[in-house]
Amino acid sequence: MNNRPIILLLLSVFWLASASAVVVEKTVNPSPKHQQESKLLVQLMDKFHYKSKPLDDALSGKILDEYISVLDPNKMYFLSTDIADFEQWRTEMDDFIKAGDLKPAYQIFNLFKERVSTRTNHALEVLNQPFDFSKEETYRWNRKKAEWAMTDKALDEIWRKKVKNDYLSLKLLDKETDDIKETLTKRYQVMDKRINNLKSDDVFQYFINAYLGSVEPHTGYMSPITSENFELNMSLSLEGIGAVLMNDGEYTQINTIVKGGPADLEGSLQKGDKILAVGQGSEGSFDDVIGWGIEDVVQLIRGEKGSTVRLRIIGEDDGPETIPKIVKIVRDKVKLEQQAAQYKILEVKEGGAEHKIGVIDLPTFYLDFAALRSGEADYRSTTRDVKKILKTFKDENVDGVVVDLRNNGGGSLIEAINLSGLFIKRGPVVQTKTSFGKKDVKKDVDPRIEWDGPMMVMVNHFSASASEIFAAAMQDYGRAVVVGNQTYGKGTVQNVMKLADYIEDDEQELGQLKMTMGQFFRINGGSTQNRGVIPDIEFPASPGADKYGESAYDNALPWSSIAPSDYNVFADLSDEIVYLKKRFNERSKVNFEFDFLKKENQLYEAHKDDLTVSLSAEARQQKAKEREDRKEQRKEKRKALLEASEPDPLLGEITVLVDSTDDLEVKEDEPSETEDSVTEKDSQDGEQKVADNADASDEESDDEEEAFVDFRLHESVRILSDLIDFNQQRLVAKQDKSKDTANNE
């Protein structure tokens with residue numbers, strides 16, 4: 001994840017009238033305001049950025065590499081001779097940016113436009129030639145780490161294989177020859193037209209973000225139109241699937257699934273999934289959207305509430321040989337209630353012991369600022385809702401509480417602090433440090449505790465920002481045992497600055513700068529930045545999880561520390577954690593879900609570096625069959641184990657007694673009021689817009705959905721049950737010791 005999603009936010013789609021050769025449009029040149037913006041951005045970065053890198057020759061080389069990579073990430077257009085020519089500017093990009101001299105950047109882009117048109121014309125020629133799919137040859141579909149092609153002839157061969165692969169992928173979906181050619185003709189023309197329609201503002205955004213993103217991943221520039229679209233999308237209520245999308249230049253992918261939205265409730269989409277095509281209604285044709293701009297894909301996915309949209313998708317790490325899955329989603333708006341805190345009460349039976357565990361599912365840290373400012377007494381907030389849930393737990397006599405922060409990307413800092421206050425007496429929760437060196441301690445000032453019993457916090461790799469602040473505070477106070485996976489590691493603070501505010505001519509239409517201006521620190525002095533929160537008990541990670549998180553950025557700010565705050569530890573949980581780890585390890589040996597996860601990780605590791613695909617139809621079909629057979633075997637084994645009459649004694653039995661989401665289920669004849677299909681995550685870490693039109697097929701997914709088992713939650717409540725038993729045993733031992741002492745006296 002980097003600034004490329006913002007850069008691609010503006011890309012639009014226009015169809016060509018025919019399949020004739022494309023023509024390169026006129027060159028793009030910088031406007032006078034871009035010189036002004038470039039100089040101003042350098043000044044603001046030097047003055048305000050939390051830890052800005054010097055804009056020197058060393059950074060200049062990184063800027064050049066990043067800019068080339070943004071334009072041609074898969075090395076499909078530029079030749080090695082082009083790259084060699086660009087080397088003349090390797091140590092001069094810093095000087096160009098300081099002086100506002102953008103001609104070299106635009107020169108690179110205009111050559112890129114020429115190369116794209118050349119490649120498109122070649123692809124259309126190849127498409128009209130016959131293909132031999134019995135021949136065994138391979139195509140490298142991921143060329144990010146490949147060498148640049150040295151000659152046009154070498155690049156012609158790469159593109160011949162690309163077109164053959166694209167053709168075969170559609171052929172294996174049982175498409176007719178004419179449909180395949182029509183689909184691919186439009187696809188290649190769209191990609192070319194998208195580049196040819198980029199304006200001067202777009203190119204400036206590309207280039208200046210290559211600079212800002214080379215400094216630090218959460219700092220970036222938005223052109224005026226991008227800023228306008230961002231504000232619009234943040235304020236409008238849009239009907240769709242409830243997902244934030246991003247674009248890597250070729251594929252539109254799922255970046256975030258909005259909790260409580262249609263996609264979340266349907267349950268099939270995963271972060272990183274690639275959208276290959278979009279269909280309207282329950283059946284019918286699909287529009288191929290590979291190569292489309294994200295704005296156009298969004299438009300295709302949006303629609304009237306209650307209508308159905310179909311997505312043809314493959315997983316993030318799936319290669320071209322993967323048979324796509326069809327996902328049907330009924331468009332709706334995301335209900336506020338479905339984004340708010342929900343709860344379950346589970347009963348755990350193991351070894352003769354029974355415990356009731358309350359689970360709070362917290363998808364985000366929310367606060368209705370508008371209602372609060374207007375003086376409404378019943379305004380919604382995370383803390384107020386959780387407080388009500390804790391009262392319910394007390395009424396139901398639960399023995400322990402789990403706060404589930406998995407996939408919680410953060411939200412209101414105030415709510416993270418106030419929520420912490422429900423579980424501790426007054427005291428510090430988080431420290432902040434600004435770019436000017438100012439330090440501040442954010443505290444809970446309410447001495448009341450709403451829950452003082454056994455407690456656990458669940459996190460995963462997508463728990464970020466405010467989630468990490470809450471989890472870290474509970475861990476530092478010894479208030480809760482933290483379980484799951486290492487968190488995202490975003491411990492920085494960003495502010496958005498309008499460039500027009502820093503010039504005399506405030507009528508000038510300039511963009512905005514989102515800049516990192518501070519950092520969060522735990523009350524123990526350590527940062528959540530980069531390192532995140534390390535759970536006391538770690539679960540096996542999902543395949544590919546290491547690609548996400550702050551540590552995945554080459555230029556992320558490093559972990560650091562400051563002096564700790566003055567706080568009183570609630571409890572020392574060292575002995576408890578040793579005991580809980582022992583029990584967890586014993587169960588992991590017999591928990592078939594963890595065994596499945598282990599095997600999936602092994603499979604991922606074995607194939608993650610395979611960046612090629614066979615262009616033989618027979619070999620592709622065989623590989624797809626092996627994948628489906630493996631999936632079916634796992635499904636059958638899971639089904640048999642779940643239906644076993646006698647559960648493993650170590651795993652015991654877990655029963656759901658209460659689930660608050662049952663009241664939120666949407667009846668088919670009563671469409672619900674829900675919210676937006678596309679939103680902006682971080683003004684640059686995500687993107688959201690999408691759509692156009694292309695192929696046809698009315699295939700249906702005949703995959704039977706497996707019954708979802710949240711085995712991580714089940715294991716977490718077992719661990720909390722162990723903690724309750726441990727505390728009870730220690731209390732009994734303490735009482736017995738007191739009796740013995742009294743008798744001896």
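Predicted model: local features only at pLDDT ≥ 70, side-chain atom pairs only at ≥ 80, totals over all residues.
Student: Can you show me one? Say, what does Glu157 pair with?
Tutor: Glu157 forms a salt bridge with Arg160, and the N to O distance is 2.8 Å. Side chains of opposite charge can pair when their charged atoms come close.

Student: Where do Glu157 and Arg160 sit relative to each other?
Tutor: Both are in helix α7 (residues 152-171), three residues apart, so about one helical turn separates them. In general, an α-helix has 3.6 residues a turn, so residues three or four places apart point the same way.

Student: Which residue pairs with Asp446?
Tutor: That's Arg448, and their side chains meet in a salt bridge of 2.8 Å, N to O. Asp446 is partly exposed, with 27% relative accessibility.

Student: What about Arg583, what's its story?
Tutor: Arg583 makes a salt bridge with Asp722, with the closest N and O atoms 3.4 Å apart. This pair links distant parts of the chain: Arg583 belongs to helix α18 (residues 574-588) and Asp722 to helix α21 (residues 711-744), 139 residues apart.

Student: Is Asp722 buried or exposed? And Arg583, buried or exposed?
Tutor: Asp722 is buried, with a relative accessible area of 1%. Arg583 has 17%, and because buried means under 20%, Arg583 counts as buried as well.

Student: Which residues are in the network with that pair?
Tutor: Salt bridges link Glu350, Lys582, Arg583, Glu586, Arg587, Glu715, Arg718 and Asp722 in a network.

Student: Switching topic: how many residues does the largest nonpolar core have?
Tutor: It has 78 residues, and those with the most contacts inside it include Ile63, Phe109 and Tyr211. Helix α6 (residues 103-127) gives the most to this core, with 11 residues. As a general point, nonpolar side chains tend to be buried together in soluble globular proteins.

Student: What does Tyr211 touch?
Tutor: Setting aside residues up to four places away in sequence, Tyr211 touches Val42, Met45, Leu55, Leu59, Ile63 and Ile97.

Student: And what about a second core?
Tutor: A second, separate core has 41 residues, among them Val401, Ile424, Ala473 and Met474.

Student: Now helices. How do α2 and α9 sit against each other?
Tutor: The axes of helix α2 (residues 32-48) and helix α9 (residues 200-215) come within 11 Å and cross at roughly 15°. The two helices are therefore roughly parallel to each other, and their crossing is right-handed.

Student: Which residues make the contact?
Tutor: On the α2 side they include Leu41, Val42 and Met45, and on the α9 side they include Phe204, Ile208 and Tyr211.

Student: How many residues of α12 are buried?
Tutor: Helix α12 (residues 294-301) is mostly covered, with seven of its eight residues buried.

Student: Last one: where is Asp82, and what is it in contact with?
Tutor: Asp82 lies in helix α4 (residues 80-86) and is buried, with a relative accessible area of 3%. Leaving out neighbours within four places in sequence, Asp82 is in contact with Leu111 and Arg115.

Note on methods. Residues numbered from 1 in each chain as written. Heavy atoms only, no water. Salt bridge = Lys/Arg side-chain N within 4 Å of Asp/Glu carboxyl O. Helix = DSSP H or I, 4+ residues; strand = E, 2+ residues; numbered from the N terminus. Buried < 20%, exposed > 50% of the residue type's maximum accessible area, 1.4 Å probe, protein only. Core = buried A, V, L, I, M, F, W, Y, C linked by side-chain atoms within 4.5 Å. Contact = heavy atoms within 4.5 Å. Axes fitted to C-alpha atoms, helices over the stretch in contact; angles between N-to-C directions. Parallel < 35°, antiparallel > 145°, perpendicular 65-115°, else oblique. Left-handed = near helix turned anticlockwise from the far one by under 90°.
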